[in-house]
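Colleague: I would like to learn how to read a model like this one. Can we go feature by feature?
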Amino acid sequence: MAVEDTRLTATRRTEARWIERIPLAYWVLGLALLMMPAFANDFVLYQIFGWTFILGMIALSLMFLAGYGGMVSLLQMSLAALAGYMVAIFGTSAIETISMGWPWYVSIPLALLVTVLFATICGWLAVRTEGIYTIMITLAIASAFFYFTRQNYVVFNGFSGFNGVLPPDLFGVDWRGPKAFYYLTLFWATVSYLAVRYVSKAPFGLALQGVRDNPRRMAALGYNVTAHRVAAYAFAALIAGVAGILLTWQSAQVSPGTAGIGPVVDILVIAVIGGLRRPIGPFIGALIYVLLKTFAVDVLISLGLAGERFQLLIGIGFLVIVFWSPDGILGLWDRWKENRGRDPLTGERRER
Amino acid sequence: MNAPTTSAIAERMSATGTANALELRNVSKFFGALAAMEDISLSVRPGERRAVLGSNGAGKTTLFNCVTGDFLPTSGTIRFFGEDVSAFPAHERIRRGLRRTYQISLLFSGLTVIDNIYLACVGVSRERFSFLRARRDDALMASAEDLIRLVHLEDATHTPVAELSYGQQRQLEIAMALSGAPRFILFDEPAAGLSPTERRELIDILTGLPGHMGFIIIEHDMDVALRVAESVTMMHNGRIFKEGKPAEIEDDPEVQALYLGGGDDG
């Protein structure tokens, strides 16, 4: 974290206008993402990138908690699914006996509110624990959520969940069209990414990192450590909630399987593969995960292996990355840049 | 609204300034069967500067931890400017104007000097939960910069704390304790490990604090302790052993035997 912190402090000093301070790489990446629909086909836009941005956002909410707050929460996928359920219940779906059919400007804010409230309660329980116990308690809540939604037919419609959950026809656009959905998910992924980056240097985010490194000292500086951690859960839930609504619209359905134990753990895998130290990591992890999940089957079959072994590939990839680079792909990248900046013979830093 | 009880009125009146800055009544702290601190009663007036001396294991740092709420005492009451804070969590006591430094610097090593002090300033302000970044003319940022000047760390403003020298880290620790509007400060061995020059600077900072800002200083270096303090409390084996003016303590034969002559557990 130290590397980025010094760089950001340095930017605070420079007098240049903010637009001039954006690195070239950001312009290139931004332009490439905006131009993508010009040369990518509908499948790539909708399935690969749409899904990547959504999973990236859910993993980003975990990165915010784990990277800045030191709290590894397995709850994020369940929160996303909860937001999806709430949109289906408050809004419209094919299950007309349960869905209230309220307009989107009521159902979406209400869905996010319920998600944030639920996360606040769960966070309040979880922040009293540390390390492995936080993982255990959030996993327990996630499992309870899975089994509860599967068995409850009055509110959650049990095993089959809700289908026909569609985005509103806002501005006369079909938001499930590949191009529209691509831009919709890109927009919210960008907003989430920038929000996390911004907040990480605002008093709340700085204090959260302080709480991660040294809770006792933070209390001695006047911070309520528990309240700060709970607030972090609430903020992360907002990101996971938005992603959950998008995820529900993408497949037009939400069911207990959306937040089964597999998907719940996958979010952790995505965040760790990408790297938990910076907000871009989860999106890198999500892209790798989505590519593997989409194409590994074909690759395996063409090699004469059983297609269902794609989970094995993801597992091996996870092992290799955790073994070689505990900081994920981002960690590998940082080390490569660090080595490039050193003289190969003496190991001294090169003048830049 | 119910009429305030007489005790509540008394509490509020005493909180307005007639009370002692710090008042400990029969405070004890046990770790299992071990008494780290036993039956301590101590009064410090507002603006008073007190040195706490004693060999290692005398209970000095335990005293500080109980006063700031790093952990709660086993028994006894602690009043801060008349208000009973015995059951308050640490952050509530800090928000009431109590500050402390740590014997082993507890700093945020990944952050820069300015960010460390800024965090300290934010912690005692109302902007703890602010999602907005500090603007260039931010008042808290300005007060953080003032504190940096006070402890002569201007040249290291944007240096990550991990790259600071030991002495600089000690100075940063002091700057963080001076954030906001402290009413009373606990310094835990601020001079430990400092060079003679840095010690002189430290004494200048401590003696230069505004008159209303009282403090307790734990210090092994008698030279530093007796120069900045107007009264001295000697602790030994978790109990208060002697209290008095610096000169009295220095000349006391029992103290000399115990402290300067090298105690059994020193």
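Colleague: What share of the contacts in chain B with a separation of 6 or more comes from residues 24 or more positions apart?

Modeller: This is a predicted model, so keep that in mind throughout. In chain B, residues 24 or more positions apart account for 67% of those contacts. The chain has ten helices and ten strands. Of its 266 residues, 52% are buried. Its accessible surface comes to about 11,800 Å², and carbon and sulfur atoms hold 53% of that.

Colleague: Take one residue. Is B:Thr68 buried or exposed?

Modeller: Buried means under 20% relative accessible area. B:Thr68 has 1%, so it is buried. It lies in helix α2 of chain B, residues 60-68. Its side chain makes a polar contact with the side chain of B:Asp70, at 3.2 Å. Leaving out residues up to four places away in sequence, B:Thr68 touches B:Ala90, B:Arg93, B:Leu98, B:Arg100 and B:Leu186.

Colleague: And a loop residue? Where is A:Thr129?

Modeller: A:Thr129 sits in the loop between α5 (104-126) and α6 (132-151) of chain A. It counts as partly exposed, because its relative accessibility is 23%. A polar atom of its side chain lies 2.5 Å from the backbone oxygen of A:Ala126. Beyond residues up to four places away in sequence, A:Thr129 touches A:Thr134 and A:Ile137. A:Leu184 is 55 residues from A:Thr129 in sequence, and the two C-alpha atoms are 37 Å apart.

Colleague: On to charges. How many salt bridges are there over all chains?

Modeller: Side chains of opposite charge can pair when their charged atoms come close. A search of the whole structure finds 18 salt bridges. One of them pairs B:Glu173 with A:Arg217, at 2.5 Å from N to O. B:Glu173 is in helix α6 of chain B and A:Arg217 in helix α9 of chain A, so the pair joins two chains. B:Glu173 counts as buried, at 1% relative accessibility. A:Arg217 counts as buried too, at 1%.

Colleague: Which parts of the chain does the pair of B:Glu38 and B:Arg239 link?

Modeller: Their side chains meet in a salt bridge at 3.6 Å, N to O. The pair links distant parts of the chain: B:Glu38 is in strand β2, B:Arg239 in strand β10, 201 residues apart. B:Glu38 is partly exposed at 27%. B:Arg239 is partly exposed at 39%.

Colleague: Which residues do salt bridges that share partners join into one network?

Modeller: Start with B:Glu48 and B:Arg45, whose closest N and O atoms are 3.3 Å apart. B:Glu48 is buried at 4%, whereas B:Arg45 is partly exposed at 47%. Shared partners join B:Arg45, B:Glu48, B:Arg50, B:Glu230 and B:Glu243 into one network.

Note on methods. Residues are numbered from 1 along each chain as its sequence is written. Chains are lettered from A and ligands numbered from 1 in the order in which they are written. This is a predicted model: local features need pLDDT of at least 70, side-chain atom pairs count only at pLDDT 80 or more; totals for chains, interfaces and linings use all residues. Side-chain values use heavy atoms; hydrogens and water are left out. Helices (H or I, at least four residues) and strands (E, at least two) are DSSP runs, numbered from the N terminus. Buried means under 20% relative accessible area, exposed over 50%, partly exposed in between (1.4 Å probe, protein chains only). A polar contact is a pair of N or O atoms within 3.5 Å; within protein, one must be able to donate a hydrogen and the other to accept it, and residues adjacent in sequence count only if both atoms are side-chain atoms. Contact means heavy atoms within 4.5 Å. Accessible areas come from the Shrake-Rupley method with a 1.4 Å probe; for residues, only the protein chains shown count as cover. A salt bridge is a side-chain nitrogen of Lys or Arg within 4 Å of a carboxyl oxygen of Asp or Glu.
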